[in-house]
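Thanks for coming, everyone. Let me put the structure up, and then we'll walk through it.

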Amino acid sequence: MSGILLPASCEEAERFAQCCQWALADALEKEGIGSLGEKPLHAALKAYFAPNPADREIRFGPFVADIALRDRIIEIQSRNFGALSRKLELFLAQGPVEVVYPVVQRKWL
């Protein structure tokens, strides 16, 4: 298992900040983002990893992949991994799957 610390550069940090601003503005406007009512963090990560909206929310049988690119499926999981088990079985039959799991880098109590 490997991890990616985002953002990796100043340009990437700026792009990620823009994705977050878009997702927050969209959430305030609609009270729910996308067809599945996702949270702003989920929407921001989808926009970051798939700038082209046509690559997002792609149906595979009874499931919807967050992102389907030419060479892989990207699934963003901000809750427990148990919810992924049935989806992964189907998605892995299509090809490689990358799971993005956001974690807090610093937390104050």
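Start at Ala25, which lies in helix α1, residues 10-30. Helices (H or I, at least four residues) and strands (E, at least two) are DSSP runs, numbered from the N terminus. A word on the source: this is a predicted model, where local features need pLDDT of at least 70, side-chain atom pairs count only at pLDDT 80 or more, and totals for chains, interfaces and linings use all residues. Residues are numbered from 1 along each chain as its sequence is written, and side-chain values use heavy atoms, with hydrogens and water left out.

Back to Ala25. Its relative accessible area is 45%, so it counts as partly exposed. The cut-offs: buried is under 20%, exposed is over 50%, partly exposed is in between, with a 1.4 Å probe and protein chains only. Ala25 and Pro40 are 15 residues apart in sequence, and 8.9 Å apart in space, C-alpha to C-alpha.

Now the inside. The largest nonpolar core has 13 residues. Such a core is a set of buried Ala, Val, Leu, Ile, Met, Phe, Trp, Tyr and Cys residues joined through side-chain atoms within 4.5 Å. Helix α1, α2 (40-49) and β3 (73-76) each supply at least two of its residues. The largest share, six residues, comes from α2. Cys19 is among the residues with the most contacts inside this core. Leaving aside neighbours within four places in sequence, Cys19 is in contact (heavy atoms within 4.5 Å) with Ala44, Ala47 and Tyr48.

Last stop, Val99. That residue sits in strand β4, residues 97-100. Val99 is partly exposed, because its relative accessible area is 34%.
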